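Take a look at the model below.

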Amino acid sequence: MSKMAASCKGMCEEYKSQGITMKEKYQYGQKRCTYCGLFLTCEGPRCPCCKTILRTKPRGRSSSNNRI
């Protein structure tokens, strides 16, 4: 089992995304929990495990240049 944050209960493992490259995860509707450190495939704006608001857009500078 991987090392998890204090309030991460491990429930996020069942929502963990698989099979998509890192550049395309947000395009396919996957969201990132910054607290658990995983990309998730789930409904709603919050992580089902730790209730942190999920990130839906990339933060990287190079990806913002591609959105023009």
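In this predicted model, the sulfur of Cys47 has its closest cysteine sulfur in Cys33, at 3.8 Å. A disulfide is a covalent bond that joins the sulfur atoms of two cysteines. To count as one here, the two sulfurs must lie within 2.5 Å. The sulfurs of Cys47 and Cys33 are therefore too far apart for a bond. How many disulfides does a search of the whole structure find? The search finds 0.

Cys47 is buried, and so is Cys49.

| Residue | Relative accessible area | Class |
|---|---|---|
| Cys47 | 1% | buried |
| Cys49 | 2% | buried |

Lys51 sits in the loop between strand S2 (38-40) and helix H1 (61-65). Its backbone has a feature to note as well. Phi of Lys51 is near 65 degrees, a positive value, and the residue is not a glycine.

Now turn to another lysine. Lys31 belongs to strand S1, which covers residues 31-33. Is Lys31 buried or exposed? Lys31 is buried, yet it has no salt bridge. The nearest side chain of opposite charge is that of Glu43, 5.8 Å away. A salt bridge needs the charged atoms within 4 Å. What does the side chain of Lys31 have beside it instead? A polar atom of this side chain lies 2.8 Å from the backbone oxygen of Gly44.

Lys31 also has contacts with residues beyond its neighbours within four places in sequence. Among them are Leu38, Phe39 and Leu40. Cys42, Glu43 and Gly44 are on the list too. Leu54, Arg55 and Thr56 are also in contact with Lys31.

Step back to the whole chain. The protein chain has 1 helix and 2 strands. Along the sequence, they follow the pattern β-β-α. Of its 68 residues, 28% count as buried. Take the contacts in the chain with a separation of 6 or more: 36% of them link residues 24 or more positions apart. What is the accessible surface of the chain? It comes to about 5300 Å², and carbon and sulfur atoms hold 51% of that area.

Technical notes. Residues are numbered from 1 along each chain as its sequence is written. This is a predicted model: local features need pLDDT of at least 70, side-chain atom pairs count only at pLDDT 80 or more; totals for chains, interfaces and linings use all residues. Side-chain values use heavy atoms; hydrogens and water are left out. Helices (H or I, at least four residues) and strands (E, at least two) are DSSP runs, numbered from the N terminus. Buried means under 20% relative accessible area, exposed over 50%, partly exposed in between (1.4 Å probe, protein chains only). Lys and Arg count as positive and Asp and Glu as negative; His and the chain ends are not counted. A polar contact is a pair of N or O atoms within 3.5 Å; within protein, one must be able to donate a hydrogen and the other to accept it, and residues adjacent in sequence count only if both atoms are side-chain atoms. Contact means heavy atoms within 4.5 Å. Accessible areas come from the Shrake-Rupley method with a 1.4 Å probe; for residues, only the protein chains shown count as cover.
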